[in-house]
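Please look through the sequence and the structure shown here, and then read the briefing that follows, which is grouped by topic.

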Amino acid sequence: MNSYYQIIIAMTPEQITNQFSIDGTVATIKPFGNGLINTTYKVRTSESDAPNYLLQIINHHIFQNVPELTRNIERVTSHIREKLEAQGAGDIDRRVLTPVKTNDGEGFYKDDEGNYWRMFLFIEGAHSYDQLTNVKQAEAGGRAFGQFQKLVSDLPGDPLYPVIPGFHDTEMRIKNFKERVNENPVGRLEEVQQDVNFLLERSDEYKKIIQMGREGKIPQRIVHQDTKFNNVLLDENDEVLCVIDLDTVMPGYVCYDIGDAIRNGANTGKEDDPNLDNVGIDMELFEGFIKGFLQETRDILSAEEKATLAFGAKLLTYEQTVRFLDDYLNGDKYYKIEYANHNLVRARAQMKLLQTMEENWNAMQRIVEEQ
Ligand code: ADP
Ligand code: GN1
Ligand code: MG
């Protein structure tokens, strides 16, 4: 099987944009952003009064039910828009993603090669960062996902469709990982046996959240589930505009969102840092994320949920280590890679981050308790 991110595009970019109901004339279409899953382009129009657009190929190997995925995003974005309108908020086109329909009124266009395309209004004057540089940004990141949580907490109607079933179900991730280790499909196990042991020694500890959910101790909520800092758009003054990349918005537990935000954002190094000396939990950024998140969500979280927030950071870092190593053992099918052992470098950087969280565990818990 080929990798999930390899695509064949036979149509010209203009033939694609012609399928969508857009204003203005397309001037340029250029690759955009640093996502690991979808393929993204910025579409500029020539007229000064016509908007620019964001064009994406949805990775349908990963998101296998694109119609339901699209319906989730339509429900979530229109609910947020209605709430912002009711609150009298200004600048709404920059405060929530606006999906663009095809000429047939659909939310996506499927080409003859089987690629699923979609468009959003391009949010102007916004930027996202791959890495944070200060505590103000960490608080903004925490607030962004806290606000999102509040905005979607009263979404009416049926539960959202589980686009990737068990996305953060650690029990299932561990089960799949053990199977991959046993199968050793591309013969890479020997080289990573110590890393595998490190993860499996901890497997029971990280089943806790799924077990608490099953026992009814914490509620399922609508959560974002992919809370990387480059999925937050900020304005010129680094104030929050909105969160984007809504593909994984579905039922889950609240600690997933703050946990993944900290995993990604409160690291002194990069997610794929080859120099492990750079990698570690930055406790000031950790505190910033927790503070910003609780500012927005204090009133809606139960005491039990609040008590899971610091654990969420360890949990999502553990899970991400498992996911990167699993993909490495599987021959690099899921994540886009830039060089041969990129997934192994990523896994080891995440493992180092987890070790530093374990070392700082008491302080992490205290920070949450003091908020
Ligand atoms: P992926 O799932 O591959 O991460 P994203 O939806 O996050 O894809 O998009 C990739 C990048 O494009 C984001 O990190 C952000 O910088 C930028 N981006 C996404 N949507 C918009 C938008 N509507 N307006 C402006 N920039 C956007
Ligand atoms: C992927 O799409 P992107 O780059 O925001 C992944 C996340 C991982 C992240 C690691 C659908 O996020 O779960 O945490 O890479 N998204 C999916 O960088 O698997
Ligand atoms: Mg993204």
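In which loop does Asp-238 lie? In this predicted model, Asp-238 lies in the loop between strand 8 and strand 9, the latter covering residues 240-243.

**Residues with positive phi**

- Most residues other than glycine have a negative phi.
- Asp-238, although it is not a glycine, has a positive phi of about 60°, and Asp-238 is buried, with a relative accessible area of 13%.
- Gln-225, which is likewise not a glycine, has a positive phi near 75°, and its place is in the loop between strand 7 (221-223) and strand 8 (232-234).
- Gln-225 counts as buried because its relative accessible area is 2%, and the cut-off for buried is under 20%.

**Helix 8 and helix 12**

- The axes of helix 8 (residues 283-297) and helix 12 (residues 361-370) come within 10 Å and cross at roughly 30°.
- Angles under 35 degrees count as roughly parallel, and helix 8 and helix 12 are therefore roughly parallel to each other.
- The crossing in which helix 8 passes helix 12 is right-handed, and the contact is made by Met-283, Phe-286, Glu-287 and Ile-290 of helix 8 together with Ala-363, Met-364, Ile-367 and Val-368 of helix 12.
- Sorted by class, this contact of helix 8 with helix 12 has seven nonpolar residues, one charged residue and no polar ones.

**The annotated domain**

- An unreviewed UniProt entry lists residues 28-274 as "domain: Aminoglycoside phosphotransferase".
- Over residues 28-274 the chain is 33% helix and 16% strand, while the end C-alpha atoms are 36 Å apart.

Notes
Residues are numbered from 1 along each chain as its sequence is written. Chains are lettered from A and ligands numbered from 1 in the order in which they are written. This is a predicted model: local features need pLDDT of at least 70, side-chain atom pairs count only at pLDDT 80 or more; totals for chains, interfaces and linings use all residues. Side-chain values use heavy atoms; hydrogens and water are left out. Axes are lines fitted to C-alpha atoms, for helices over the stretch in contact, and angles run from 0 to 180 degrees between N-to-C directions. Helices (H or I, at least four residues) and strands (E, at least two) are DSSP runs, numbered from the N terminus. Angles under 35 degrees count as roughly parallel, over 145 as roughly antiparallel, 65 to 115 as roughly perpendicular and the rest as oblique. A crossing is left-handed if the near helix is turned anticlockwise from the far one by less than a right angle, and right-handed if clockwise. Contact means heavy atoms within 4.5 Å. Ala, Val, Leu, Ile, Met, Phe, Trp, Tyr, Cys and Pro count as nonpolar, Asp, Glu, Lys and Arg as charged, and the others, Gly among them, as polar. UniProt positions are given in the numbering used here, feature names are shortened, and annotations may be inferred rather than shown by experiment. Buried means under 20% relative accessible area, exposed over 50%, partly exposed in between (1.4 Å probe, protein chains only).
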